[in-house]
Amino acid sequence: MPSHDAPDMTPLEALAFLSVCAMAIVLVLAGHGFADGFLGWGIGVFLAFVAIAIWAQWMAPSSPRYLENPVRVVVQVMIFVVVALYAAAGGLWVLGVVFAVVASAVHLALARDEL
């Protein structure tokens with residue numbers, strides 16, 4: 001039976017992946033802060049899908065439109081700041097600020113390691 005080993009991932013790359021997953025969660029929670037009930041969850045899911053689509057187009061290493069550094073890291077930090085603003089608008093400003101700071105630091109460190 002063929003072996004399907006996962007590619008090696010550094011701890012910093014794992015943190016970067018987790019920060020992108022956290023981005024989707026923060027957006028869903030922020031959307032729920034905009035409205036009560038299913039409407040809020042729907043807004044949050046919509047925001048998360050838009051962010052994931054943007055990420056898949058320009059930030060995913062397998063994308064044909066993959067941005068090169070330093071442009072990529074600047075766009076990543078801008079996305080994290082926008083997510084923090086959505087979180088703040090949804091009443092989760094502490095979560096938004098913590099997310100933006102941690103995610104930006106991880107992606108900046110990862111970009112520094114690539115240079």
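Residues 24 or more positions apart account for 56% of the protein's contacts with a separation of 6 or more, a contact being heavy atoms within 4.5 Å. Before you start: this is a predicted model, where local features need pLDDT of at least 70, side-chain atom pairs count only at pLDDT 80 or more, and totals for chains, interfaces and linings use all residues. Residues are numbered from 1 along each chain as its sequence is written, and side-chain values use heavy atoms, with hydrogens and water left out.

## Exercise 1: the overall layout

Task: work out how many helices and strands the protein has.

Solution. Step one: helices (H or I, at least four residues) and strands (E, at least two) are DSSP runs, numbered from the N terminus. Step two: count them, and you get four helices and zero strands. Step three: read along the sequence and the pattern is α-α-α-α. For scale, the C-alpha atoms fill a box of roughly 45 × 40 × 25 Å along the principal axes.

## Exercise 2: the core

Solution. Buried means under 20% relative accessible area, exposed over 50%, and partly exposed in between (1.4 Å probe, protein chains only). A nonpolar core is a set of buried Ala, Val, Leu, Ile, Met, Phe, Trp, Tyr and Cys residues joined through side-chain atoms within 4.5 Å. Step two: the largest one has 17 residues, and those with the most contacts inside it include W55, I79 and F80. Step three: α1 (11–34), α2 (37–58), α3 (71–89) and α4 (93–114) each supply at least two residues of this core. Step four: zoom in on I79, which touches M23, I54, W55 and M59, leaving out residues up to four places away in sequence.

## Exercise 3: an arginine in α3

Task: decide whether R72 is buried or exposed, and list what it touches.

Solution. Step one: find R72 in helix α3. Step two: its relative accessible area is 5%, so R72 is buried. Step three: not counting residues up to four places away in sequence, R72 touches W58, M59, Y66, L67 and E114.

## Exercise 4: the surface

Task: find the salt bridge, then name the residues of a nonpolar surface patch of about 570 Å².

Solution. Step one: a salt bridge is a side-chain nitrogen of Lys or Arg within 4 Å of a carboxyl oxygen of Asp or Glu. A search of the whole structure finds one. D113 pairs with R112, their closest N and O atoms being 3.5 Å apart. R112 has a relative accessible area of 59%, so it is exposed. Step two: nonpolar patches join Val, Leu, Ile, Met, Phe, Trp and Tyr side chains within 5 Å, using residues with over 30% relative accessible area and no salt bridge. Here the patch is made by W93, V94, V97, V98, V101 and V102. Step three: check V97, which sits in helix α4. At 45% relative accessible area, V97 is partly exposed.

Methods: Patch = residues over 30% accessible without salt bridge, like charges linked within 9 Å, V, L, I, M, F, W, Y side chains within 5 Å. Areas by Shrake-Rupley, 256 points an atom, 1.4 Å probe, with all protein chains shown as cover.
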